[in-house]
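Please look over the chain below before reading on. The report then takes its parts in turn.

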Amino acid sequence: MTIFIDALIDSLFDTLKLIPFLFITYLLMEYLEHHTASKITGLLARMGKAGPLFGGLFGIVPQCGFSASAASLYSGGVITLGTMLAVFLSTSDEMLPIFISEQVAPTRILSILGTKAVFGIISGLLVDAVLRHTRWRDKGDKNIHDLCIEEHADYESDEKGGILRAALTHTVNIVIFIFVITLVLTLLVDAIGQNRIASFLNAIPILGVFLAALIGLIPNCGASVALTQLYLAGMMSVGQMMAGLLVGAGVGLLVLFRTNHHHLRENIKITVLLYCIGVLWGIILELIYT
């Protein structure tokens, strides 16, 4: 019981100290999305074959819901599969706010963001190049429609209070996730030992890549929070973390299955392809850094 109380107190304090950093970060993200999302989405729709290049670059911009926009554009036949995958792979979800709140070195953050963008661009270009020589369905049979993204507050375009409410709502949701996951990880470390957990993942690093990518597929903020926290705690290698975060497309996959619901088999194939790409890059990183 004492162990649980100690873990509870430690997790609570560790989480509380992150709140100011998280709120400021999400406030900036909401502002950027509010003022730039439509412009970026429109530009992306006009990129054609160069879509994956811009998709990978735009994907790292700290916005909530850009992956959802990409899924909608793909479902409406506006962008290519490679462009959507480039956005999915480069999107950072909750990694960036947590890195900032944990005061990770800027060079380290930029290195990881840049790596994700490069992987997204290369993967997207290759996918489009391959699909140009194969039969792929005509995506013009579906119209784009506006989506109501969970976790976004309903606000008028000119209301500053709406941005504040949205940032506060997102902060509260993520704080809850961080607290629960931190508590679980703390209890896990106390019960098993950080060194033993790290040793297990390091002993079979390739298996860790596959497991991390599976976690990344979970369409929930908690997945990216867990992956980032494990990495920062030294229990997960960079290759394993990257595999999970590359696959983690935020609400993108959920929106794809919703807007592209007439093509379930295609959605499953895209999910499997996304998983395989994340695993491949994760294994490459494991081989480089071991």
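Where is the place of leucine 28? Leucine 28 sits in helix H2. Its relative accessible area is 47%, so leucine 28 counts as partly exposed.

## Basis of the report

This is a predicted model, in which local features need pLDDT of at least 70, side-chain atom pairs count only at pLDDT 80 or more, and totals for chains, interfaces and linings use all residues. Residues are numbered from 1 along each chain as its sequence is written, and side-chain values use heavy atoms, leaving out hydrogens and water.

## Overall make-up

The protein chain has 14 helices and zero strands. Helices here (H or I, at least four residues) and strands (E, at least two) are DSSP runs, numbered from the N terminus. Along the sequence the pattern reads α-α-α-α-α-α-α-α-α-α-α-α-α-α.

Of the 290 residues, 49% count as buried. Buried means under 20% relative accessible area, exposed means over 50%, and partly exposed lies in between (1.4 Å probe, protein chains only). The chain exposes about 14000 Å², and carbon and sulfur atoms supply 67% of that area. Accessible areas come from the Shrake-Rupley method with a 1.4 Å probe; for residues, only the protein chains shown count as cover. Among contacts with a separation of 6 or more, 81% join residues 24 or more positions apart. A contact means heavy atoms within 4.5 Å.

## Helix H1 and the nonpolar patch

Helix H1 covers residues 2-16. Its 15 residues should span 21 Å at 1.5 Å a residue, and its end C-alpha atoms are 21 Å apart, which agrees. The expected span is 1.5 Å times one less than the number of residues. Which residues of H1 are buried? They include Ala7, Ser11 and Thr15. These residues cover an arc of only 60° around the axis, which puts them on the same side of H1. The arc is that of the directions from the helix axis to the C-beta atoms. On the other side of H1, Thr2 and Phe13 are exposed.

Phe13 also belongs to a nonpolar surface patch of about 660 Å². Patches are made of residues with over 30% relative accessible area and no salt bridge; like charges are joined within 9 Å, and nonpolar side chains (Val, Leu, Ile, Met, Phe, Trp, Tyr) within 5 Å. A salt bridge is a side-chain nitrogen of Lys or Arg within 4 Å of a carboxyl oxygen of Asp or Glu. H1 gives the most to the patch, with seven residues. Isoleucine 19 lies in helix H2 (residues 19-45). Isoleucine 19 is partly exposed, at a relative accessible area of 30%.

Leucine 28 and isoleucine 163 are 135 residues apart along the chain. Their C-alpha atoms are separated by 9.3 Å. Arginine 165 is found in helix H8 (residues 160-192). Arginine 165 is partly exposed, at 43% relative accessibility.

Helix H4 (residues 66-75) is mostly covered, with nine of its ten residues buried. Among them are Phe66, Leu73 and Tyr74. Glycine 77 follows H4 and has a positive phi, near 75°.

Helix H10 (residues 205-217) has 13 residues and should span 18 Å; its end C-alpha atoms are 19 Å apart, which agrees. Gly208, Val209, Ala212, Ala213 and Gly216 are its buried residues. Seen down the axis, they fall within an arc of 135°, so they line one face of H10.

## Glutamine 103

Glutamine 103 lies in the loop between helix H6 (95-101) and helix H7 (106-131). Its phi is positive, about 55°, although it is not a glycine. Most residues other than glycine have a negative phi. Glutamine 103 is exposed, at 59% relative accessibility.

## Around H14

Is asparagine 267 buried or exposed? Asparagine 267 is buried, with a relative accessible area of 0%. Its place is in helix H14 (residues 264-289). Not counting residues up to four places away in sequence, asparagine 267 touches Leu256, Phe257, Asn260 and His261.

Histidine 262 is in the loop between helix H13 (252-259) and H14. Histidine 262 is exposed, with a relative accessible area of 62%. Its C-alpha atom is separated by 9.9 Å from that of serine 75, 187 residues apart along the chain. Serine 75 is one of the buried residues of H4.
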